[in-house]
Amino acid sequence: MRSLYRNLAGLIGFFLIWEGAVRVGLVPELFVPPPSEVLSTTAQLLGQEPFIRDVIATVLAWAIALGISIAIAVPAGLLLGSIAWLRTATRAIVEFLRPIPSVALIPLVLLVVGGGPEAKITLAVYAAVWPILFNTIYALAEIDPVLMDTARACGTSRARMLTSVALPHAAPFVFTGIRMSAAIALILVVSTEYVAGASSGLGNFILEASSGGTNMDQVLAGTVVAGVIGYLINDGLERVGRRMFRWNEAVGEAAK
Amino acid sequence: MPTMLEVTGLNHRYGKGDGAHVAVRELSFSVDAGELACIVGPSGCGKSTLLRCIAGLIPPTGGSVRLHGDEVSGVPDDLAVVFQDYSRSLFPWLTVARNVEFPLRWRKLSKQERAERAQEALDAVGLSGVGKKFPWQLSGGMQQRVSIARALASKPALLIMDEPFASVDAQTRFELEDLLRRVQREQQSTILLVTHDIDESVYLGDRVLVLSKSPATIVADLAVDLPAERDQIATRESAKFVTLRGEVARLLQTGPAAPATTEEASDEVTAAADAAEWAATEEEAAETGGATKEARH
C-alpha cells in the first residue's frame, strides 16, 4: 500500500511541474495544454462511446496479439531449447529476423493481410514473439544437471521430465518474457494504428485528433489513456507473477 | 543377510582411444541388505562416476551392477540418491512436502497414501512441521534433511548418498550423521555412502571400502566392529575408532600412486583431478543425452 502512495506522489509531482511549466509560459499552451485541461478532456472522452470503442479495439488487438505470441513462442522455445541441432540450424534465421523493426514490415503486412485489425495484430505478434522465445530457450539451458539427475533418480521418465521439471523450472523465465512482450505488443498495436491509419483504435484516435494541430488536449488525453492501459497491464501481470511464483526465493523475499 | 548390491568387474572409461580417461577399473564389491557401507577415497578418484554407474544414471563401459539380483540398466525403481548439493537437488517450486512426495508421483498410490508416506519420512528426520514451506526458507542442514526424507519416502532397496554432509557446517554434520545412523537402524535400510572424510566413514559405517587414487579400485574392505550405538564424543575417542581411522588413512596414503610430498601439493592435485572428473561426467551426460535423442528420431 505504501508503495502505491509513493508511486502516486511521483505522478502528482510530475503533473504539478507540467502545470507550472505551462502556466509560467515555459511551453506554449497551444501545443502543450496543462494537465488540468488534459485530464478533464480525458474524463469527457471516457464518457463518449466512440472513444470507448477505440480503447476496446486497441485492448482487444493487444490481447489477441499477446495470446498468439505466447502460443507460438512457448512451444517453439521448448522445442529449440531441448533439441540442440534444431537450435543450431535456426540460429542464423532467428538472428536475421529478430533485429528487423516491426514498423519496417508495415508495407509488406498491409499488402499481405490487408489494413484491418489483422495488420496490427500481425505486427505486434512479430515483435512480441522474441522475448518469450528467448527466455524459454534460456530457461531450458539453465536447468541444473543435478536437478535433472535427482528427477531421474526419482524414476522420472524422459517424457515426464518436460512436464515435471523443465516446465515448472522455465515458468518464471517465460513469464518475465511475457511481461516484456506485453509492453512491446501494446506499443506495436498503438503505433500501427497511428502509422498505418487503421479505422479504429487509440492510435487512430490520436492521429485524427492531431490533424489540424488544434486539438492537442485530445491528443494528449489519448496518450494518457494509452499510458494508463500500459501501466495497468504491467501492474496486473506483476501481481499474477507474484502469486504464481511465490516459491521463487527472490519473489518470496520481495512479497514479505 | 542376503546380498542387496553386487558390483562385478566394473569399469568406466570416458572418451575413446589415447585421450580416454579411465575413472573406474575392475571394481568389485557387494553390500548386504541392512548394511551401511561407506566408500572412502581421495578426491577425484572416480567416486562420483562409481555412484552414477551404480545408480544407473550412466551405463558403465564394462562389468555389471546387480540390485537384489537384477541387472541394473537405467535407474531402478527402488533406488534413491541423496546428492551433496541439497540446494541444487531440491525442486525449488515445490513445497517441502511435495518435494518428499516427488518419487511417489509415478507410483500407484492414492493422494492420501502419498501424503502420509511423506509425513512419515519428514517425521523420521525431525522435520514434522515444515511441510508447507519452500526449500529456500530452510537452513542448509534442514534442506539436506528434506533430501534424506525424500529418499526415505520411496522406501528404497538401496539408498545411495554422494558426500551427503560435505556442504553443511561441522555441528550440523554431527547431527545429520547421528540422524542417518538412527534412521538406518529403525528402517533397516541398505545404504551406500561415499565420502572423502576418513573419520566420517569409520563413524558411520558398518563397513569401510577404501578406494585407490584414480582410476578407482578397491584397496581394502574393512569391517567396522564398533558398537552399533555410536556417540560423537565417546566413539571418536575410543581406541578402536582411532586404530581404524589410522588404518584407513594409511591405506589411502599408500595407494598405488606416489604419495604427495606436502599436503598443499596434494590438495592442488586432487582439486585438479576433481575438476577433470566433473567435466568428464558432464560431457558424458551430454553425450548419452544426445545419443538417446537420436535413437528416438
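Q: What makes up the contact between chain A and chain B in this predicted model?
A: Chain A gives 25 residues and chain B gives 25 residues. They count because contact means heavy atoms within 4.5 Å.

Q: What is the area buried between chain A and chain B, and which atoms give 65% of it?
A: About 2500 Å² is buried between the two chains. Carbon and sulfur atoms give 65% of that area.

Q: Why is the pair A:D149 and B:R52 called a salt bridge?
A: The side chains of A:D149 and B:R52 meet at 2.5 Å, N to O. The cut-off is 4 Å between a side-chain nitrogen of Lys or Arg and a carboxyl oxygen of Asp or Glu, so the pair qualifies. The count between chain A and chain B is two salt bridges.

Q: Which helices of chain A each supply at least two residues of the side that touches chain B?
A: Helix 7 (145-153), helix 8 (158-195) and helix 11 (249-255) do. Helix 7 provides the largest share, eight residues.

Q: What classes of residue make up the side of chain A that touches chain B?
A: Nine are nonpolar, eight polar and eight charged.

Q: How many residue pairs are in polar contact between chain A and chain B?
A: Six, with both residues at pLDDT 80 or more.

Q: Why is A:P34 called buried?
A: Its relative accessible area is 1%. Buried means under 20%, so A:P34 is buried.

Q: Where is A:P34 found, and which residues is it in contact with beyond four places in sequence?
A: A:P34 is in the loop between helix 1 (2-24) and helix 2 (35-46) of chain A. Leaving aside neighbours within four places in sequence, A:P34 contacts A:W18, A:E19, A:V22, A:R23 and A:E29.

Key
Residues numbered from 1 in each chain as written. Chains lettered and ligands numbered in written order. Predicted model: local features only at pLDDT ≥ 70, side-chain atom pairs only at ≥ 80, totals over all residues. Heavy atoms only, no water. Buried area = accessible area lost by both parts, 1.4 Å probe. Polar contact = N/O pair within 3.5 Å; in protein donor to acceptor, adjacent residues only side chain to side chain. Nonpolar A, V, L, I, M, F, W, Y, C, P; charged D, E, K, R; others polar. Buried < 20%, exposed > 50% of the residue type's maximum accessible area, 1.4 Å probe, protein only.
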